[in-house]
Amino acid sequence: MGKGIAITGMGIISAIGNNVEENYRSLIDGKKGISRISKIDTVHKDALMVGEIDFTNQELEQFLELGGSHNYSRSALLGAFAAKQAVSNANITHINSYKTGLVSATTVGGMDKTEQYYYEYFENKEVQKYIEGHHAGDSTQKIAEQLGLHGSLVTTISTACSSAANAILLGARLLKAGKLDRVIVGGTDGLSKFTLNGFKTLMIQSDTYNTPFDENRKGLNLGEAAAFLVLESDEVVQKENKEVLAYVKGWGNANDAFHQTASSDHGDGATLAMQKALKVAGSKSNEIDYINAHGTATPNNDLSEGRAFLRVFGDTVPDFSSTKAYTGHTLAAAGGVEAVFSVLALQHNVIFPNLNFKNPMQEFHLTPQTELKKKKLHTVLSNSLGFGGNCSTLIFSKEA
Amino acid sequence: MEALKEELKSKIIEQLNLEDVSVDEIADDDPLFGDGLGLDSIDALELIVMLDKDYGIKLADPKEGKKIFESVGTMADYITQHKTK
Amino acid sequence: MKPVYINSVASISAQRTFDNSVFLDEITEYTDNVIRVIDPNYKEFIPPAAARRMAKGIKMGVAASKIALNEANLENVDAIITGTGLGCIADSEKFVSKIIDDNEEYLTPTSFIQSTHNTVAGQIALSIKCKGYNFTYVHSSVSFESALLDAKLQLEYDEAQNILVGGVDELADHHIKIHKLVDHIKADVVNSKELLESNTEGAVFGEGASFFVLSNKKSDHTYAQVLDVATYNSFSKQELQSALESFLQENSLEISDIDIVAMGNNGDIGYDGYYDALSHGVLKNTAQTYYKHLCGEFNTASSFGAWMAAKMIRTQHIPEAIKLNGMEPSKIGTVLLYNQYRGENHSFVLLRGC
């Protein structure tokens with residue numbers, strides 16, 4: 001089916017590690033990155049748990065050798081850090097030697113600085129530089145600059161929790177259509193008071209460790225992360241004799257059109273997204289070896305997603321797990337983080353456990369994979385379902 | 001009690017931006033959700049904040065709201081029993 | 001690959017553009033540094049129960065999408081793709097200021113929900129029950145062009161037949177105040193007719209929503225064909241000219257094939273030089289038009305430009321108010337749009353009559 005979309009590089013920073021190797025280690029060792037809030041000054045410190053990244057902004061600035069005066073938000077810092085890893089992992093030395101683009105995703109953008117200096121802008125000229133850093137596209141522009149992209153197709157997607165999955169989806173389509181030879185795709189979201197309080201108003205955050213697909217799940221833990229993939233066309237792979245980590249084989253996006261925030265009870269959007277992705281991949285549902293679920297551990301998501309599994313896969317739902325118990329829900333970055341995890345699963349033939357699961361949900365008898373499982377994997381499906389009904393599915397495979 | 005009910009009605013209209021509804025149009029036992037006023041889960045979250053802010057009642061689980069917000073009457077009963085301010 | 005057509009248009013702007021039966025016949029002049037839209041009667045488009053939780057940006061987006069759907073005689077589409085630089089920023093401001101003012105207490109969900117960028121596309125989907133592809137691009141001045149490019153790809157490959165594409169951004173108080181602090185908004189008011197002669201830094205800020213039904217089937221209402229869309233994160237003024245030439249070359253066109261260029265000049269002496277590089281350079285002998293004196297500057301102002309270009313092709317008429325160099329082509333066949341904001345995020349869009 002058409003052109004192969006090769007993944008030739010990956011980069012990630014999350015609550016369970018500052019690079020791909022560290023993330024893999026944590027996944028294998030069952031080491032979660034959920035803790036109390038230490039880097040944000042919020043009154044909810046003791047009421048919430050989150051997936052925070054170890055590095056402070058200052059440390060990230062040093063890694064990026066920013067120096068002097070700059071106006072990077074945390075999302076921009078994390079994004080540049082992970083995207084640079086991905087490009088170096090793909091052994092790219094001359095970024096503009098092929099027609100290269102960047103599609104990033106974010107929901108908070110520069111909101112961390114906006115909430116910090118909202119009133120101070122009027123009194124302190126020093127901080128006014130952050131005004132231009134507020135809009136979502138700013139972090140992407142900075143990542144492009146850090147990567148040395150010039151005169152290139154650079155854009156940003158913001159579709160809540162499915163944002164990075166949609167960035168990967170667009171990147172794959174741009175390559176397939178021959179608009180680009182190479183594209184860096186993913187997402188970045190730093191934690192902010194804005195999102196912590198926003199999700200608090202929705203009353204879907206857990207005050208303890210999140211427990212995806214468990215009957216007694218209390219909600220999600222927010223997390224922060226950035227993760228990027230390098231996608232390259234067959235031509236580039238051949239010419240440069242590239243090592244291919246995996247292929248993006250299928251993609252699908254649909255809208256629940258049900259409610260402003262909640263998913264439909266029967267998972268219409270998720271069902272449609274999975275069906276579309278299977279169709280694009282030319283795969284049958286029984287060819288899926290593992291599902292990296294969206295599995296946020298909110299009552300609504302896990303029920304809706306579980307029902308969608310039953311609708312798409314019938315009685316033979318493949319092994320599935322949510323890795324949100326490790327990283328927290330990293331919002332716009334989640335689709336990128338879980339794409340990296342899906343590729344790691346394929347590379348190492350392993351299914352990562354769904355931590356913290358105890359009891360199956362009353363509504364159905366779906367039990368996620370709770371132990372690390374070695375299994376020959378060919379094809380992995382990853383879901384990202386969001387706010388505003390936005391549902392996306394990606395299918396990754398060892399073969400084109 | 002009657003005063004509280006009237007107060008709640010105007011607060012609901014204001015907080016939920018129900019421009020086309022007036023206080024007289026809401027009966028004490030009209031269902032607020034579904035067929036009645038047609039409120040939804042986001043409105044329920046708005047009402048939970050109202051309970052906290054104006055009456056010092058904290059709900060930990062949005063599901064608890066379901067019974068409380070059945071009508072203006074049930075809301076007034078609950079508030080009378082549980083208010084802390 | 002299938003051709004891609006603009007089958008309907010809709011615009012809510014600082015001009016009376018929501019009425020598709022006219023085309024800038026009467027111009028509303030402004031002497032200000034911030035200009036707001038002329039609102040249609042939103043009640044005609046949105047039921048009160050739905051409207052009660054809608055931010056201005058959502059109302060503009062939903063109303064514009066209804067106008068576009070009506071004109072295309074469609075009740076639904078296969079996909080909804082929007083561009084917005086800032087989303088419903090008034091609600092973002094409301095939520096942030098409440099976090100600070102009330103020390104993170106008594107916050108309510110509505111303004112948080114509205115502040116997510118994809119809320120306009122989500123609400124349009126809800127209002128017409130569209131379960132198809134739903135995307136939102138948020139990349140400054142190429143937000144709309146990214147949406148256009150995405151739609152074009154899907155239609156060319158016949159992955160969809162009708163797609164609703166739009167650009168929407170709203171004004172908000174804090175946003176205006178802080179952009180005045182850094183001179184992104186002009187310090188002094190300026191009359192819209194004199195925008196390009198203001199000789200000062202910054203722009204006149206505006207807002208608006210322009211939506212289109214794009215299709216790979218031509219209809220009786222077809223305005224124009226979308227030949228190509230390209231966006232570029234950065235350029236020097238020197239590179240611009242050759243970039244335009246290679247963009248045209250890819251479409252087997254030359255400068256002389258362009259009947260009209262519609263440019264995004266906003267009167268900012270810091271950055272209008274980019275437009276000058278083309279209008280005094282390779283496009284010197286091309287009929288030039290501009291539009292930001294009518295709609296103001298905002299991240300998706302170029303969607304107003306696309307609306308204007310489609311209207312020019314359909315009516316074969318250049319309204320007096322948008323003429324920049326007074327030239328008039330014998331016919332309006334091919335229109336080029338060029339836009340950038342503060343020297344970044346450049347775009348070329350090519351439309352052609354059919």
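Reader: How many residues of chain A are in contact with chain C?

Author: This is a predicted model, so let's take the A–C contact as it stands there. On the chain C side, 49 residues take part. Their partners on chain A number 53.

Reader: And how do the residues on that side of chain A divide into nonpolar, polar and charged?

Author: Elements that each supply at least two residues to the side include α4 (111-117), α5 (136-147) and α9 (268-281) of chain A. By class, four of the residues on the side of chain A that touches chain C are charged and 21 are nonpolar. The polar ones come to 28.

Reader: What about chain B: how many residues does the contact take from chain A?

Author: Chain B gives four residues to this contact. The chain A side that touches chain B has three nonpolar, three polar and no charged residues. From chain A, the contact takes six.

Reader: Now inside chain A, which element gives the most to the side of domain 1 that touches domain 2?

Author: The domain assignment puts domain 1 at 5-240 and domain 2 at 250-397 of chain A, and their C-alpha centres lie 21 Å apart. The contact takes 61 residues from domain 1 and 54 residues from domain 2. Among the elements giving two or more residues to the domain 1 side are β1 (5-13), α1 (20-29) and α6 (163-176) of chain A. With seven residues, the one that gives the most is α6(A).

Reader: Which strands stand at the edges of the open three-stranded sheet in chain A, and why does each have a side without a neighbour?

Author: The sheet has the order β2-β3-β7 in chain A, with mixed pairing. Each edge strand has a single partner strand, so one side of it is left without a neighbour in the sheet. The edge strands are β2 (34-36) and β7 of chain A.

Reader: Over in chain C, is C:Ile6 buried or exposed?

Author: C:Ile6 lies in strand β1 (residues 5-12) of chain C. Residues it touches include C:Phe212, C:Leu214, C:Val226 and C:Ala310. A residue counts as buried at 20 or more other C-beta atoms within 10 Å; C:Ile6 has 27, so it is buried.

Reader: How many Å apart in space are C:Ile6 and C:Leu351?

Author: In sequence, C:Ile6 and C:Leu351 are 345 residues apart. In space, C-alpha to C-alpha, the separation is 9.1 Å.

Notes:
Residues are numbered from 1 along each chain as its sequence is written. Chains are lettered from A and ligands numbered from 1 in the order in which they are written. This is a predicted model: local features need pLDDT of at least 70, side-chain atom pairs count only at pLDDT 80 or more; totals for chains, interfaces and linings use all residues. Domain bounds come from an automatic or database domain assignment. Two residues are in contact if their C-beta atoms, placed from the backbone, lie within 7 Å. Helices (H or I, at least four residues) and strands (E, at least two) are DSSP runs, numbered from the N terminus. A residue is buried if 20 or more other C-beta atoms lie within 10 Å of its own, exposed if 12 or fewer, and partly exposed in between; C-beta atoms are placed from the backbone. Ala, Val, Leu, Ile, Met, Phe, Trp, Tyr, Cys and Pro count as nonpolar, Asp, Glu, Lys and Arg as charged, and the others, Gly among them, as polar. Two strands pair if DSSP finds at least two bridges between them. Lists of a residue's contacts leave out its neighbours within four places in sequence.
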